[in-house]
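Please consider the model below with attention to the surroundings of individual side chains. The discussion takes a few positions in turn.

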Amino acid sequence: MRNTDSGFSIAALEAIVFGRLALAPTTPLKVAFSGGLDSHVLLHALAALRDQRHAAFALSAAYIDHGIHPDSAAWAEHCRRVCNDYRVAFDVQRVQLDATNGDGLEAAARRARYAALKQRLAPGEVLLTAHHLDDQAETVLLQLLRGAGVHGLAAIAPLADFGPGRLARPLLDFTRAALRAYAEHHGLRWIEDESNMNLRHRRNVIRHEVMPVLQRHWPQAAELLARNARHAAEAATLLDALAADDLKHCPSPAALSPSLSRGPLPIPLPRPSPHPSPAIAGEGESVEGDGLDWREGGNRWRAMDWIG
C-alpha cells in the first residue's frame, strides 16, 4: 500500500527509507538542500529520526549555488543556519553554468547541480532529494506532451545509481499539501522562490494552470498520474529484461535480420524537444523533473521511445 492518503510523518519516512528503499540503518545520507519547503521538511524529519531513534546514520546536507538569483548567497546562509540548528554537516558550492549548447539556462543549471552533487557524494553514500507526488504527476504530464515512451513515462525513479553512491527520492508518496502541513505543524521557516510562479517555465504552467483544472474534475488526478509512472516503470523494466534475454540468444550480429544487422532501423525517430523540462526556477525548491528520471535517462530520448 502507498501513503498517498495519509499525512507525512517521521515514522512514515522511516518506513520508506529503511523499509521500502531498503537502505541499511548505517547508510550515510546527504540531503540536496535548497532551503525551500520540500527539502526543509525532508531534512527536518531525517534529523528528528536520527535524534529520536538514536540512529547510526551520518546525516549531511549540500546546497548548490547557481548564482542565478540575486539572493542565492543569502539563501545559502539560511541553509547553513538551519543545518547548524539541526546539527547537520553542511556544504555549499558555487557552480558556473554553461548554457552554450542551446538547452537554456535552466537545463544548464540542472547539469551543473547534479555534477556538483556527484562530486560531493562519497562511495556508498545516498543523496536524497525532496521530489514529491505532485512533482511526479507533473513530470508524467510533461513526458506525455513530449511524446515519450515507457522509459520517459516512468518519470522520477525512487532509487537509482548515482556516481559513487545512489540517489533516492523518499517523498514520492506524499503530496505537496501533506509536506506543507508537516512544516506548519513544526513551525518550519523556508525560502519562497518567487520564480516558482513564473509561467515562462513549462512545469509551472502544468502546476498552476493545468493541474488545478484536472483536479476539479478528477480530484485524485495527481495520485493516478503517479500510478501511471509506476506502471510505466514496470513495463520499461520488463522490456529491458526481454531485450537483454533476446540479446543473449543472438550468437552474433549476423544472426539478426538483414535490416537490423546493417544498423539502426530506417525509421525516422522523433527528435527530442528543443525545450527540455525547466531545471530550476531559481535557487529555492526546484520546479523540474530533474533530468535524473527513470534510470537517469527520462529526459533523454531512447531508441525504443518511438515504439511507446
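Two residues are in contact when heavy atoms of theirs lie within 4.5 Å. In this predicted model, Leu-179 touches Phe-8, Leu-37, Asp-38, Val-41, His-132, Leu-171 and Phe-174, residues up to four places away in sequence not being counted. Leu-179 itself belongs to helix H7, which comprises residues 176-185. Its relative accessibility is 0%, and Leu-179 therefore counts as buried, since the term applies to values under 20%. A further spatial relation concerns Leu-42: the C-alpha atoms of Leu-179 and Leu-42 are 8.8 Å apart, although 137 residues separate the two in sequence.

When neighbours within four places in sequence are set aside, the contacts of Gln-93 are Tyr-63, Ile-64, Asp-65, Ala-116, Gln-119 and Arg-120. One of these residues, Arg-120, is also joined to Gln-93 by a polar contact of 2.3 Å between the two side chains.

Which residues does Asp-135 contact, leaving aside its neighbours within four places in sequence? They are Ala-130, Ile-156, Arg-176, Arg-203 and Arg-207. The relative accessible area of Asp-135 is 3%, so this residue is classed as buried. Among its contacts is Arg-176, and residue 176 falls within the range of helix H7, the helix that holds Leu-179.

Methods:
Residues are numbered from 1 along each chain as its sequence is written. This is a predicted model: local features need pLDDT of at least 70, side-chain atom pairs count only at pLDDT 80 or more; totals for chains, interfaces and linings use all residues. Side-chain values use heavy atoms; hydrogens and water are left out. Helices (H or I, at least four residues) and strands (E, at least two) are DSSP runs, numbered from the N terminus. Buried means under 20% relative accessible area, exposed over 50%, partly exposed in between (1.4 Å probe, protein chains only). A polar contact is a pair of N or O atoms within 3.5 Å; within protein, one must be able to donate a hydrogen and the other to accept it, and residues adjacent in sequence count only if both atoms are side-chain atoms.
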